[in-house]
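Subject: Structure handover

Hello,

Here is the structure for you to look through. Please open it first, then read the notes below.

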Amino acid sequence: MSARTTRRGLVAIALGAVIAAIATVVISGGFDNSGDLTTHPNSGGPMSTGAVAGKAFGTAGAGDCLTWSKEDASDLTKVECSDKHLFEVASEVDLSIFPGAEFGPGSRFPGVLRFSQLRNEHCAPAVVEYLGARYDPNGKFSVGLINPGEAGWAAGERTLRCGLQRSGTTGTLLPIVGSVAGQDESKVWDAGTCIGINQNVPADPVDCSEPHAFEVISVVDMGAKFPGGFPPVADQDKYLEETCTQAANEYLGSPDALRNKTLTLFWDNIELSSWLAGSRKVNCSVGKELDSGGFAPITNSAKGDILINGAPPVAPPAEPEGRSRPVPLPGAAPLGN
């Protein structure tokens, strides 16, 4: 092909490094200390709490959806899952029932790393149990944890909320509409979405007029092509190379636009674990892949005039028709002798 094409896997190393560096704990700064706190004794099982955040945190159970607007989530409220929200509760964990002094009265408020460990230890299994086989570990929803904050902890609150959230690359929480339990968890963006850039690494969605790493040009439903079992990556690539190339030609308006704008066409693949969870959709995207890894910043939509690293792209020379020199037969003398 005259245009550069590659699977997303070839350029995802830098993106993966950023995601791995983010230990998302939804609330680590705490709630407003209103003084209205009802704690529970160290009893034999999980109980509803009365954390300083109010009834929303204290009464939230599996299937409830929560949202907030303040950075410390002190305005946390319970909403209908059909409305925009930031968190869907899968379970609660009462740390006060665990033996030892770590979570006992007067214990120190855990740090971000410890809450990350608690999330992995308690919330990951809880989410799998909540969603069953439909949970896609590579999908758009990730495991999250809400803690009672330093004020609640100091007042004796030890209950956590485990659940699901949609995290951007930088850790920013993105809104969810509808219950996660009933959604396709494929990690895709709508066509026309531009993904921002930070030090040559993809970030969160931005307006296409701002510098970005790549632009999504289409959403492909792999289930339509492969209605049976899981397709090997080679079969996915064979189908997506043709499908994404056609999508690029239509999105950009010309079969030559991708090459003339020096852009790279790439796509996602579906892993077996995602397929078994029911995820079937992938994105085709265009960006400017760097030979050294990562992306060059692009400004404006690829549908129109773009800037790459602040300058208009320079189209490569036209490709000659046919071969300029014949291929010598085996054993023939080198051309020109």
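Helices (H or I, at least four residues) and strands (E, at least two) are DSSP runs, and they are numbered from the N terminus. Pro105 sits in the loop between β5 (87-94) and α3 (112-131).

Two notes on the source. This is a predicted model, where local features need pLDDT of at least 70, side-chain atom pairs count only at pLDDT 80 or more, and totals for chains, interfaces and linings use all residues. Residues are numbered from 1 along each chain as its sequence is written, and side-chain values use heavy atoms, with hydrogens and water left out.

Back to Pro105. Is Pro105 buried or exposed? Buried means under 20% relative accessible area, exposed means over 50%, and partly exposed lies in between (1.4 Å probe, protein chains only). Pro105 has a relative accessible area of 88%, so it is exposed. Its C-alpha atom is separated by 9.4 Å from that of Arg158, 53 residues apart along the chain.

The whole protein

The protein has 8 helices and 16 strands. Of its 337 residues, 45% count as buried. The accessible surface comes to about 16,800 Å², and 53% of it belongs to carbon and sulfur atoms. These areas come from the Shrake-Rupley method with a 1.4 Å probe; for residues, only the protein chains shown count as cover.

Next, contacts, meaning heavy atoms within 4.5 Å. Take the contacts between residues at least 6 apart in sequence: 66% of them join residues at least 24 apart.

The cores

A nonpolar core is a set of buried Ala, Val, Leu, Ile, Met, Phe, Trp, Tyr and Cys residues joined through side-chain atoms within 4.5 Å. The largest one has 25 residues. Which of them touch the most other members? They are Ile217, Met222, Leu240, Leu263, Leu265 and Val286. Two or more residues each come from β12 (212-221), α6 (233-252), α7 (257-260), β13 (264-267) and β14 (281-287). The largest share is from α6, with 6 residues.

The C-alpha atoms of Ala257 and Gly304 are separated by 9.8 Å, and the two residues are 47 apart along the chain.

Empty space

Rolling a probe the size of a water molecule over the atoms shows where empty space is left. The search runs on a 1 Å grid over the protein atoms alone. A cavity is a set of points where a 1.4 Å probe fits but cannot get out. A pocket is an open set with protein on both sides within 12 Å along at least five of seven lines. Lining residues have an atom within 4 Å of a point. Grid points are joined across faces, edges and corners, and a volume is the space filled by probe spheres set on the points.

How many cavities of 30 Å³ or more does the structure hold? It holds 1. The largest cavity has about 30 Å³ of space. Its lining is His212, Glu215, Leu263, Val286, Ile298, Asn300, Ser301 and Ala302. By class, that is 4 nonpolar, 3 polar and 1 charged. Here Ala, Val, Leu, Ile, Met, Phe, Trp, Tyr, Cys and Pro count as nonpolar, Asp, Glu, Lys and Arg as charged, and the others, Gly among them, as polar.

The second largest pocket has about 220 Å³ of space. Its lining has 3 nonpolar, 2 polar and 5 charged residues. Lys140, Arg166, Asp184 and Trp189 are among them.

Most residues other than glycine have a negative phi. Gln199 has a positive one, near 55°. Asn200 also has a positive phi, near 70°. Gln199 is in the loop between β10 (194-198) and β11 (201-206), and Asn200 is in that loop too. Gln199 counts as exposed, at 71% relative accessibility. Asn200 is partly exposed, at 34%. Then comes Val201, in strand β11. Val201 is buried, at 13%.

Best wishes
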